[in-house]
Amino acid sequence: DERELFSARLTATGRRLDEVHLMPIHPWQAEHRLAITFAADIARGDLIPLGPGLDEHQAQQSLRTFFNHSRPALPYVKTAVGIRNMGFVRGLSPAYMETTPAINDWLSQQLNVDPEFRACNVRLLKEIVAVGYRGDTYHRHPLPADSTSGREKMLSALWRDSPVPQLSATSVAVTL
């Protein structure tokens, strides 16, 4: 249903779903950063805000990772948020996230072959897919390496395995 919803919204802009990459954006980010910081990208049609989806999500303790209440078995979604917290902006770097799924696959393989981890039933909730936007001015004109602005990390998201499918009938997930 969500795919059809976003497809219809895209069609209204003259675009098709197979021409774009869908990227979830934190609601705060969408309201406070998107139209201001990325106005030129929206005007060019490089970014097309599509509004909210149908599923109900709940922010986790990090405030930028969301649990899908409508479909709990689906992956969590971690988004960038352009607010300063603990001395830095809670962004997600599109450059760093390019390798995140591959690193998670490698780490999961290491856990699966290690006898101690297997005996203790240690499993990794993998970060399985990542998407990031690099078309804006901030990526074409990178900041110095020591910059803490975080402005080049404002539009990215990644999907992390949900623990729900791995829980036994008598177990519950607890965030730490």
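Residues are numbered from 1 along each chain as its sequence is written, and side-chain values use heavy atoms, with hydrogens and water left out. Because the model is predicted, local features need pLDDT of at least 70 and side-chain atom pairs count only at pLDDT 80 or more, while totals for chains, interfaces and linings use all residues.

**Exercise 1. The fold in outline**

Task: Find how many helices and strands the chain has, and in which order the elements run.

Solution: Start with the count, taking helices (H or I, at least four residues) and strands (E, at least two) as DSSP runs numbered from the N terminus. The chain has 7 helices and 7 strands. Next, read the order from the N terminus: α-α-α-β-β-β-β-β-α-α-α-β-α-β. Then turn to burial, where buried means under 20% relative accessible area, exposed over 50%, and partly exposed in between (1.4 Å probe, protein chains only). Of the 176 residues, 30% are buried. Finally, look at contacts (heavy atoms within 4.5 Å). Among those between residues at least 6 apart in sequence, 65% join residues at least 24 apart.

**Exercise 2. The aromatic pairs**

Task: Locate the aromatic pairs and decide whether each is stacked, tilted or edge-to-face.

Solution: A pair of aromatic rings is described by the distance of the centres and the angle of the planes. Rings of Phe, Tyr and Trp (its six-membered ring) pair if their centres lie within 6.5 Å; planes under 30 degrees apart are stacked, over 60 edge-to-face, and the rest tilted. The structure holds 2 such pairs. F38 and Y133 sit 6.4 Å apart, centre to centre, with 75 degrees between the planes, an edge-to-face pair. This pair links parts of the chain 95 residues apart: F38 is in the loop between helix 2 and helix 3 (39-44), and Y133 in the loop between strand 6 and helix 7 (137-140). F38 is buried at 2% relative accessibility, and Y133 is buried at 11%. For F67 and Y76, the ring centres are 5.5 Å apart and the planes meet at 70 degrees, so this pair is edge-to-face too. F67 is buried at 14% relative accessibility, as is Y76 at 12%.

**Exercise 3. The setting of Q166**

Task: Is Q166 buried, partly exposed or exposed, and which residues does it contact?

Solution: Begin with its place, the segment after strand 7 (156-160). Q166 is partly exposed, because its relative accessible area is 31%. Beyond neighbours within four places in sequence, Q166 contacts R123 and L125. L125 is 41 residues away in sequence and 9.6 Å away in space, C-alpha to C-alpha.
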